[in-house]
Amino acid sequence: MYAHPEYLTDVDELAEDMANDDGSLRIYDTSVHLLPASNGYKVQSGYDDYLSAHIPGAGFIDLADAWSKPHPTLRFTLPDLQDLQAQIGKSGIGRENRVVLYSAGHLMWATRAWWLLYHAGHRNIAILNGNFTAWQAAGQPTESGARTYPATTFEADPAQSAFADTETVAQGMHGATCTINSLSKSLYEGTGDFYYKRRGHIPGSLSLYYDQLLDNEHFLPRDQLSELLEERGALSAEHVITYCGGGIAATLDAFACLLCGQQSVQVYDGSMSEWVQDDARPLTEGAKP
């Protein structure tokens with residue numbers, strides 16, 4: 001058992017919850033696709049895939065636009081709290097609702113939506129372990145077309161920010177913070193063809209590629225997951241900050257920390273895309289932190 005097994009649900013549990021739903025269950029597809037482009041990648045909403053097939057009754061969360069703040073240079077930027085709570089309510093989520101999130105793409109989109117809800121103070125949220133792939137593989141029914149839940153009012157009540165800004169990350173370089181880079185080995189070391197304007201990683205940060213935490217879109221068993229995290233000191237550290245390229249994949253590492261009992265975790269929302277904009281901010285190339 002994980003420290004917080006309630007943060008996950010599986011296909012059988014979700015199917016049972018749907019069969020016994022009293023009207024308070026909310027299920028959402030959070031799919032986004034990142035397509036190769038000349039300047040890195042192009043964002044494509046997963047809405048068309050959702051219309052083609054989704055879990056019966058599921059709504060769609062638009063992470064690419066509605067649940068992101070417009071920014072001239074950064075993508076998927078954290079909305080202001082008032083705007084975020086308005087979008088949460090518009091999606092049909094109230095504080096009394098049980099929310100289950102999944103993606104028809106990578107699981108990191110579901111953890112991004114989970115992290116936004118967690119940041120806003122909602123606590124009854126779960127990720128579908130195994131994602132939409134597991135739902136289909138189990139022979140569970142799907143439906144096509146759009147579904148929406150009645151809009152409601154959501155009152156945000158964050159206990160503390162689940163997101164870190166650049167100043168907090170910079171301060172963490174010299175303190176007791178465990179900073180985790182969620183990107184691939186080549187991006188971390190700065191050896192690949194693709195990089196974020198400048199090569200390397202934030203000095204002192206440790207590499208833990210987000211896909212290492214999963215097996216066929218399921219989170220690793222607790223012992224394996226805890227071992228990977230604690231090899232970087234992430235479970236015993238006073239505080240953890242995770243980052244990636246743009247604040248998406250980092251939510252998967254951060255979610256894994258919470259799942260295994262580390263309660264003091266933040267995601268650097270701007271991540272490398274923001275850090276590299278100022279040449280005065282240092283970067284380290286190679287395998288060493």
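H54 counts as buried (under 20% relative accessible area, where over 50% is exposed and values in between are partly exposed, with a 1.4 Å probe and protein chains only), because its relative accessibility is 0%. The structure is a predicted model, in which local features need pLDDT of at least 70 and side-chain atom pairs count only at pLDDT 80 or more, while totals for chains, interfaces and linings use all residues. Residues are numbered from 1 along each chain as its sequence is written, and side-chain values use heavy atoms, with hydrogens and water left out.

In the chain, H54 belongs to the loop that runs between helix 2 (47-52) and strand 5 (59-60), helices (H or I, at least four residues) and strands (E, at least two) being DSSP runs numbered from the N terminus. When neighbours within four places in sequence are left aside, the contacts of H54 include Y102, F132, T142 and R147, contact meaning heavy atoms within 4.5 Å. G145 is also one of these contacts, and its backbone oxygen lies 3.4 Å from a polar atom of the H54 side chain.

The structure holds 0 disulfides, a disulfide being a pair of cysteine sulfur atoms within 2.5 Å. For C244, which is in no disulfide, the nearest cysteine sulfur is that of C257, 13 Å away; for C257, likewise in no disulfide, it is that of C178, at 7.3 Å. C244 is buried, with a relative accessible area of 2%, and C257 counts as buried because its relative accessibility is 1%.

Apart from residues up to four places away in sequence, W115 touches several residues, among them A162, F163, F255 and L258.

Methods: A polar contact is a pair of N or O atoms within 3.5 Å; within protein, one must be able to donate a hydrogen and the other to accept it, and residues adjacent in sequence count only if both atoms are side-chain atoms.
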